[in-house]
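Here is a short report on charged pairs, a disulfide and a surface patch. Have the sequence and the model open as you read.

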Amino acid sequence: MQRRKFIQNIGIGSLAFPLANFTEIDKIKLSNNSVIIPQGLKEGDTVGVVSPSSAIFETEPYEIAKESLEAMGLKVKFGKFVKSSYGHLAGTDEERAEELNNMFRDENIQAVMALRGGSGAARILDKLDYELIKNNPKIFIGYSDITALHLAIFEKTGLVTYHGPLAVSTWNSFSFDHFKRLLFDNEKINFTNPKNKGDNLAQTKNRIRTIQPGEATGRLIGGNLSVLTGIMGSEYFPTNWKNNILYLEDVGEQIYAVDRMMSQLQLGGVLDKISGFVFGKCTSCNPGGSGYGSLTMEEVMDHYIKPLHIPAFSGAMIGHIDDNITVPNGLKAKINATNGSIELLENPVK
């Protein structure tokens, strides 16, 4: 199994591995009352920037991240070890875990944002102080390899976190608008893809594909497919999928690997429990050059999702893309698979 290449400044984590079967785990750990929604942001608040995954070895990304967050009216505090390195990682496991714990402990920090993804977040899951995080709930945001942290924090504490741009992401008007409406304005957004035909007679970009029509409600749980399946079988993987909505994205995976990981979710009993399914973007996910035939991405999704007879669609603005929406992980939502919408049913922040 070859090590995957990092794509631009944002990579993803570990590949999938065989797991124990979860089909008999029906225990619900989180009731509606135990879900924690953090306080929203306002101008003048301080964001703590941490690096729980891969390192950045140049100075410019730090400068761009700081300038972007300051342009939102926020103050920025970089973590103690954010510029450290240990191989490809941004410091040792102990350093990266300490940095994240400290940001939740710091009363002067209102939100915590990952600097980048890459790989390595799963290595610190057993070193986080989940009781500290639960007792000091804050906005936590990032995506890609940060999926491991989103899933573990929600499973262990019930804290809603936010699958959205990293500090070094492209903060264009689209991504910032969704971020601001969600975390500053506390808006129950109804996410839909932009309708822009450009100079064409029909829309050719950012189209959605209905896999199975209909509407479904449930808590949004998911993130990066590779990272999500990579922690299956551990105590940090969500155990309550019943009547929840699974959302996924990925980057740089060959289609056979996506098929293998979707099979893992099926065999692990996850797919049989969910009420709805959303697949965002699988950026640079190609058949590969094996010389043999390949399934298409549509064929893979249809194979695993259509037999479930649940509302499902693909093409949402979630993933390794510039126009990336912020998804509240653990929040109640309703999806409409016919028009490709994700409507929040709860306020995203307090």
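## R123 and its partners

R123 is partly exposed, because its relative accessibility is 41%. Buried means under 20% relative accessible area, exposed over 50%, and partly exposed in between (1.4 Å probe, protein chains only). R123 forms a salt bridge with D93, and the closest N and O atoms are 2.9 Å apart. This pair links distant parts of the chain. R123 sits in the loop between β3 (111-114) and α3 (130-135), while D93 lies in helix α2 (residues 93-105), 30 residues apart. Helices (H or I, at least four residues) and strands (E, at least two) are DSSP runs, numbered from the N terminus.

D93 is at 13% relative accessibility, so D93 counts as buried. A network of salt bridges links D93, R96 and R123.

## Basis of the model

This is a predicted model: local features need pLDDT of at least 70, side-chain atom pairs count only at pLDDT 80 or more, and totals for chains, interfaces and linings use all residues. Residues are numbered from 1 along each chain as its sequence is written, and side-chain values use heavy atoms, with hydrogens and water left out.

## Other salt bridges

The structure holds 15 salt bridges. A salt bridge here is a side-chain nitrogen of Lys or Arg within 4 Å of a carboxyl oxygen of Asp or Glu.

K156 pairs with E235, with the closest N and O atoms 2.6 Å apart. K156 is partly exposed at 33%. E235 is partly exposed at 49%.

E343 forms a salt bridge with K334, the closest N and O atoms being 3.8 Å apart. E343 is partly exposed, at 29% relative accessible area. K334 is partly exposed too, at 25%.

## The disulfide

A disulfide is a covalent bond between the sulfur atoms of two cysteines. The cut-off used is a pair of cysteine sulfur atoms within 2.5 Å. The whole structure has one disulfide.

C282 and C285 form the disulfide, with sulfur atoms 2.1 Å apart. The torsion about their S-S bond is about -70 degrees, so the disulfide is left-handed. Both cysteines, C282 and C285, are buried.
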